[in-house]
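Subject: Structure for your review

Dear colleague,

Please find below the structure that I am handing over to you.

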Amino acid sequence: MFKLSTKGRYGLRSLLDLALYIDKSPIPLSVVAKRQNISLGYLEQVFSTLKKADLVKSVKGAHGGYSLSKSPSDISIAQVLEA
């Protein structure tokens, strides 16, 4: 049986959140954390990993946040879990 790590679970939930709100990009990490009920500090660690894996991109500044780096249909669950 495969056990899903907390980091993997949060990564999947967060990317799904970004995909659901893709037309409102970029989305501040604090908004994702609140919607998904995940600690902002922990989510920052998860997104650092997702960014290194080129699954998300960040925009800095007052209207900054995160968005998917590719179309949701081009991101697999396996890619997220491998990251």
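The notes below cover the chain as a whole and then one pair of residues.

This is a predicted model, in which local features need pLDDT of at least 70 and side-chain atom pairs count only at pLDDT 80 or more, while totals for chains, interfaces and linings use all residues. Residues are numbered from 1 along each chain as its sequence is written, and side-chain values use heavy atoms, with hydrogens and water left out.

The protein chain has four helices and two strands, where helices (H or I, at least four residues) and strands (E, at least two) are DSSP runs numbered from the N terminus. Their order along the sequence is α-α-α-β-β-α. The C-alpha trace spans about 45 × 25 × 20 Å along its principal axes. Of the 83 residues, 31% are buried; buried means under 20% relative accessible area, exposed over 50%, and partly exposed in between (1.4 Å probe, protein chains only).

By the rule used here, a side-chain nitrogen of Lys or Arg within 4 Å of a carboxyl oxygen of Asp or Glu, the count comes to one salt bridge. Arg35 forms this bridge with Asp17, and their closest N and O atoms are 2.6 Å apart. The pair links distant parts of the chain, with Arg35 in helix α2 (residues 29-36) and Asp17 in helix α1, 18 residues apart. Helix α1 covers residues 6-20.

Asp17 counts as buried because its relative accessibility is 2%. Arg35, at 34% relative accessibility, counts as partly exposed.

Yours sincerely
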